[in-house]
Amino acid sequence: MSDSVEKRHRRIRSFVLREGRMTPSQQRAMDELWPQFGLDPNQALDLEATFGRQAPATLEIGFGNGDSLAQMALAEPERDFIGIEVHGPGVGHLLLAIEKHQLTNVRVYRHDAVEVLERCIEDAGLDRLQLYFPDPWHKKRHHKRRIVQTPFADLVAQKLAPQGHWHIATDWQDYAEHCLEILEPHSQFKNTASQPPFIERPEWRPLTKFEQRGQRLGHGVWDLLYQRCAT
Ligand SMILES: C[S@@+](CC[C@H](N)C(=O)[O-])C[C@H]1O[C@@H](n2cnc3c(N)ncnc32)[C@H](O)[C@@H]1O
């Protein structure tokens, strides 16, 4: 395929990779802990073999520095957690948290989440999918980069077990409204809010790093919790 043809066929990604430098401890974590906790995006994921048990699986897309994911994994040892992030220093940071808290219920992908979902995750294999503070892509001409789109929602529906949950949080009202436009008419998802469309932040979702920065800037937060239909 020529360069220009390849460019035209290249998928629009929800991220731009700006590889910050890893700290020496993050680099050590990558060297020493990745072989144990890192997952291969080119292979189907066997959850039972990976975690050595049968447990409900939570997958988090774009975990940032992973502090809130590590807190959740510590608070819910009966669940297994799969984190996906493209930003290397964030992956190193999460590995350090896994080591510090001796977590056995977390594994990590350093790859595009859309490709991981497509290639690695079994249909109906997930109990919960978390998308906290996805890149907002503020400008209208960039809205096509937002990860929440109808084909992505179809993919999430395919990977969630019947009655599994998709939890989204954003501090950008326009993104929250964009999610409603995609998900309210989607035949596979039901909004679970008692006073729709938004829910209060559940106490099991710790504040994320990005959210704390937003709070300092006076941003609001919108939480959406959808359930996959039973069939
Ligand atoms: C705005 S940050 C929020 C990080 C974190 N959830 C928080 O709240 O602190 C969005 C993150 O999603 C990651 N990201 C965006 N698209 C992604 C994709 N397709 N696959 C994996 N990670 C992605 C980015 O690298 C970035 O770290």
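**Aromatic rings in this model**

At 0% relative accessibility, tryptophan 166 counts as buried (buried is under 20% relative accessible area, exposed over 50%, partly exposed in between, with a 1.4 Å probe and protein chains only). Let's start from there.

Quick note: this is a predicted model, where local features need pLDDT of at least 70 and side-chain atom pairs count only at 80 or more, while totals for chains, interfaces and linings use all residues. Residues are numbered from 1 along each chain as its sequence is written, and side-chain values use heavy atoms, leaving out hydrogens and water.

So, how many aromatic pairs does a search of the whole structure find? There are 4. To pair, rings of Phe, Tyr or Trp (its six-membered ring) need centres within 6.5 Å; planes under 30 degrees apart are stacked, over 60 edge-to-face, the rest tilted.

Phenylalanine 133 sits in the loop between β4 (126-132) and α7 (150-159), and phenylalanine 210 in helix α9 (residues 209-216), 77 residues apart. Those helices (H or I, at least four residues) and strands (E, at least two) are DSSP runs, numbered from the N terminus. Phenylalanine 133 is buried at 7%, while phenylalanine 210 is partly exposed at 30%.

Back to tryptophan 166. Its ring and that of phenylalanine 152 have centres 5.8 Å apart and planes at 70 degrees, so that pair is edge-to-face. Phenylalanine 152 is in helix α7 and tryptophan 166 in strand β5 (residues 160-170). Phenylalanine 152 is buried too, at 6%.
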